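Here is a short report for someone meeting this structure for the first time. Take a look at the model, then read on.

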Amino acid sequence: MIIKKVEFVKSATRPSNYPPAERSEIAFAGRSNVGKSSLLNVLIERKNLVRTSSTPGRTQLINFFALNDDLYLVDLPGYGFARVPVAVKKQWGPMIRTYLQTRPTLKAVVMLFDIRRIPQQEDLQLLDWLEEFDVPTVPVITKADKISRNRRARQVEQIAAATGLDAGAFTLFSALNRQGRDEIWERLEVALEDD
Ligand SMILES: Nc1nc2c(ncn2[C@@H]2O[C@H](COP(=O)(O)OP(=O)(O)OP(=O)(O)O)[C@@H](O)[C@H]2O)c(=O)[nH]1
Ligand SMILES: [Mg+2]
């Protein structure tokens, strides 16, 4: 993918506020603090167009970015952060589920997992919805730089076992050293073409 221009379009919580479904779209999902915004910034080669934060749970809206003239990239709100108010937690499920179910131009969801964590119930719920609505999933294990090389394979195995996905389906990624960036774009380009 050649990145010519990227701009923030808008934030939304419900379909009536989404931008018109005129372009193919790729969304990024995963628990709070897993590194969704950081991954997006590496993919689009911008330092901080997508706001990253050391305070988990900051992104509670669906944020749409336009890439070049033909694609939307969507930063979905994170989940699973204990200190988020109950009212916000209650909104998360319906907001994401509705998005996945109704967005006709959605071509793939990049689903992020932290290499140090075993997937939790919300991760499995999200995977169920992706399957239910037939959304192609690109699973990524992020923060690969956080653990030593020889522990990585074991963690990938555990995450694969917990999710029921094939270990070979995951791309290992690090926003620090950009490991995995090109492989993720290759997988996304396949999803965009498989239409
Ligand atoms: N070491 C390391 N840190 C990372 C990596 N990716 C993200 N981080 C850090 O993890 C924290 C959270 O990253 P974000 O990209 O804001 O995470 P997010 O998933 O967008 O979080 P929410 O918007 O709250 O859901 C930040 O402090 C990042 O710098 C990575 O690959 N390696
Ligand atoms: Mg974020």
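What share of the contacts in the protein chain with a separation of 6 or more comes from residues 24 or more positions apart? The share is 74%. Keep in mind that this is a predicted model.

## Overall build

The protein chain holds five helices and seven strands. Read from the N terminus, the order of elements is β-β-α-β-β-α-β-α-β-α-β-α. The radius of gyration is 16 Å, close to the 16 Å that the globule rule gives for 195 residues, so the protein chain is as compact as a globular protein of that length. Along the principal axes, the C-alpha atoms fill a box of roughly 45 × 40 × 30 Å.

Now the surface. The protein chain has an accessible surface of about 9900 Å². Carbon and sulfur atoms own 46% of that surface. Of the 195 residues, 49% are buried. Charge comes next. There are 28 positive and 24 negative side chains. The centres of these two sets lie 11 Å apart.

In soluble globular proteins, nonpolar side chains tend to be buried together. Here the largest nonpolar core has 32 residues. Ile62, Leu76, Tyr99, Leu100, Val109 and Leu126 touch the most other members. Several elements each supply at least two residues of this core: strand 2 (24-29), strand 3 (62-67), helix 2 (86-102), strand 5 (106-114), helix 3 (121-132) and helix 4 (149-163). Which element gives the largest share of this core? Helix 2 does, with five residues.

A second core is separate and has 26 residues. Among them are Val6, Leu73, Phe173 and Leu188.

Setting aside residues up to four places away in sequence, Leu126 touches Ala29, Gly30, Tyr79, Ile96, Leu100 and Met111. Ile96 sits in helix 2. Is Ile96 buried or exposed? Its relative accessible area is 1%, so Ile96 is buried.

## Pairs across the sequence

Some residues can be followed to partners elsewhere in the chain.

| Pair | Apart in sequence | C-alpha distance |
|---|---|---|
| Lys10 and Ile62 | 52 residues | 8.3 Å |
| Gly93 and Gln125 | 32 residues | 9.2 Å |
| Ile96 and Thr137 | 41 residues | 15 Å |
| Arg151 and Val34 | 117 residues | 19 Å |

Lys10 lies in strand 1 (residues 6-12). Its relative accessible area is 30%, so Lys10 is partly exposed. Which residues does Lys10 contact, leaving aside neighbours within four places in sequence? They are Asn17, Tyr18, Pro19, Ile62, Asn63 and Phe64.

Arg151 is in helix 4. With a relative accessible area of 45%, Arg151 is partly exposed.

Most residues other than glycine have a negative phi. Two residues here go the other way. Asn68 has a positive phi, near 50°. Arg178 is not a glycine either, and its phi is positive at about 65°.

Where do they sit? Asn68 is in the loop between strand 3 and strand 4 (71-75). Arg178 is in the loop between strand 7 (171-172) and helix 5 (181-193).

How covered are they? Asn68 has a relative accessibility of 9%, so Asn68 counts as buried. The cut-off for buried is under 20% relative accessible area. Arg178 has a relative accessible area of 41%, so Arg178 is partly exposed.

Definitions and conventions: Residues are numbered from 1 along each chain as its sequence is written. Chains are lettered from A and ligands numbered from 1 in the order in which they are written. This is a predicted model: local features need pLDDT of at least 70, side-chain atom pairs count only at pLDDT 80 or more; totals for chains, interfaces and linings use all residues. Side-chain values use heavy atoms; hydrogens and water are left out. A nonpolar core is a set of buried Ala, Val, Leu, Ile, Met, Phe, Trp, Tyr and Cys residues joined through side-chain atoms within 4.5 Å. Buried means under 20% relative accessible area, exposed over 50%, partly exposed in between (1.4 Å probe, protein chains only). Helices (H or I, at least four residues) and strands (E, at least two) are DSSP runs, numbered from the N terminus. Contact means heavy atoms within 4.5 Å. The radius of gyration is taken over C-alpha atoms; the globule rule is 2.2 Å times the number of residues to the power 0.38. Accessible areas come from the Shrake-Rupley method with a 1.4 Å probe; for residues, only the protein chains shown count as cover. Lys and Arg count as positive and Asp and Glu as negative; His and the chain ends are not counted. The place of a charge is taken as NZ of Lys, CZ of Arg, CG of Asp or CD of Glu.
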